[in-house]
Amino acid sequence: MAVMSKLRDKTHIVLYTLLAAFLALIVFEWGMNFNGVSQGGALAGKVNGVPIEYRQYEEVYQNLQESFRRSAPQMDMTDDIENDLRDRAWNILVDQVLLEKQFEKFGITVSDSEVLAAVESDNPPAIISQNFRNPETGEIDRAALEAARQNPENADIWPRVEEIIRGELMVGKLERILQATVQVTDREVQELMDRRLAAYSASFLTLPYEAAGDDSLYPVKASEIEAYYEQHKSMFRQDPTRSAEYVLFQLTPTNRDSMDVKLELERLVADFAATDDDSSFVSLQSDQPDAVGLTRTRADFSPAAAEEIFSSRNLKVGTVIGPVADRGAYRLVKITGISSSDPVARASHILVSKESADLARTILRQARSGEDFSALAREHSIDTGSAIQGGDLGWFRKGAMVPAFEQAVFNAANGAIVGPIETQFGLHIIKITGKAQKSITASEVVRNIRPSDQTYEAERRKAAEFQMAAEDGGFQEAIMASGLSALPTGEFTKRSMVPGIGYNNQVTQFAFSSRKGAVSDIIDTENGFVIMTITDRNDTGYSRLQGDLQSQIEDLLRQQKKGEALEATLAEAYAASGNDLAAAAKTLAGATLTSKADIRFSRQQNIDPYIMEAISVLQPGQASSPVETTDGRAIIALQGKTYPGDPDLEAELKSLRPQLQQAKTRQVIDEYFQAERATATIEDNR
């Protein structure tokens, strides 16, 4: 029957839903044995000594892969997607082992009678509810369920369904055990209500870190950095990492490759012009098979291509323009219509920081006096991408730029120089270099300019020659002899993107299976051929105390010392002023006194989050001791607390208690399983 067939399709995927906080993963049931009995196959790894065989791991991965292909049939299985699916497969197996251990730890079992009672209950397990609930009535279709159970065709699958139900019930029992440890106090409920409903009035005296004086006053010893690292070592856990250097032999199309593509399209011009079936012709001949009947403006092309198309003498309905070089491709553009469109514009700009207003005005004056705008852009613009083009941004339509920039361009005349225009990026001096309103309807044959087989083989030969030299005489020696440059990757893990290369399984496999100093074979990447050498291996499970990490800890410890000095300064000034914030503020250089009313957690406030937290635990008339802020230390005095709108506070407290109970339960479960995973001995041999 249809319902049972649908259920059969699902049971090879779903075992039971894990606790939502436990990584929100779906645990798969493959008939695996987690009692430590190995079938003798190759091991993908172990979890607390429990073996996970490669066949188990690959089976879960293959099913995840099949699920991905069904849900996203148009997407390519890229290296990064494959890595993500493999990580999911591994985590599913790790988490199942950990969950099975919890069942054993708490003695959780489910009897056959409990499974039957669950199936027959008004709130049955998910696999029953999802497949046998009538969407119109919301009731379980008991007749269909019983027919499925009794159908001889389902004799093999129904025991698996019962095991799925048994797993779900065991998870429920575990959740209830952990939930029993959660206690909600009256104070916690009161604090939650205050965060939602209360309005506060408070004053706060803040003292920034810079008021503590120069960094040299707070030296940090190497021994202090090392002690902090050891005391907080769990913060610096990481997967094994590798560092490498590589040489890239880039696959860049040659001029010959470009000319070959152009000649191919030139031979298609007559046939493209003559055909009455643009759709079939484009589908067969173009790298963009759906480029038929498109409305185009100059903004859809590079400036040079737009000029060649829209200024062509052949810009007539029925003609073919091209081949036109445009952004790494050649185009044949068959004109099927010409009309007016919304305006498009072309502009160049010079961008400087908001702090450089005087410079912006000087540049504007120079540009308007006739100095070369392109030269000024190359000299001054901090938009490096457009600066190398003399500030040229090409053609664009309305909506493509930020509002202030767009308004300045479309409201000015062609040839005008305007500014400074302020946006979130800085100050712009803008030269309008084109305005147009013509559009075309066209079909296009597009051929991307790719490296030819000859170019591919030539670069591969270069890579092979370098690889042999590196193997024979050493990587660095080969670099010096060849005059090439090596690029560093920095640290990367098995599952992370390799800096400068991206996700590449060949790189990962080489890096994590090779000794330091090893030289790779030729590795294919999206950008070309790579020869790599391993410069560092870190299998300790922790970040090394060096470089950026050492500097970060040093900065943190120095800031802590400054904070302690500020706390002493604030406390002394506050006591000396008779606990008067205003009087204390007058004695402290760099201090700021702020008073605010109607402070609410339910609104976005322009108040330091540390100060907000301090406010939440004070009572009216009470002041805090010096507390940490984002940029220093502060003392907060709470003047008042009200409940605007006169809400029913007793009713609010009553309704919030179960919400808080649920939230704390989720937090406890989450923290519990995070701790289980953190303390587990996990051997990942994939």
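Which side chain does the side chain of Glu459 make a polar contact with?

A: Quick heads-up: this is a predicted model, where local features need pLDDT of at least 70, side-chain atom pairs count only at pLDDT 80 or more, and totals for chains, interfaces and linings use all residues. Residues are numbered from 1 along each chain as its sequence is written, and side-chain values use heavy atoms, leaving out hydrogens and water.

Now to your residue: the side chain of Glu459 pairs up with the side chain of Lys462 in a polar contact at 3.2 Å. That term means a pair of N or O atoms within 3.5 Å; within protein, one must be able to donate a hydrogen and the other to accept it, and residues adjacent in sequence count only if both atoms are side-chain atoms. Glu459 sits in helix α18, residues 453–473. Helices here are DSSP runs (H or I, at least four residues) and strands are too (E, at least two), numbered from the N terminus.

Glu459 counts as buried because its relative accessibility is 13%, and buried means under 20% relative accessible area, with exposed over 50% and partly exposed in between (1.4 Å probe, protein chains only). Skipping residues up to four places away in sequence, Glu459 touches Phe249, Gln250, Leu251 and Phe529, where contact means heavy atoms within 4.5 Å.

For another glutamate, look at Glu491 in strand β13, residues 487–492. Glu491 is partly exposed, at 39% relative accessible area. The side chain of Glu491 makes a polar contact with the side chain of Thr241 at 3.3 Å. Leaving aside neighbours within four places in sequence, the contacts of Glu491 include Arg242, Pro499 and Asn538.
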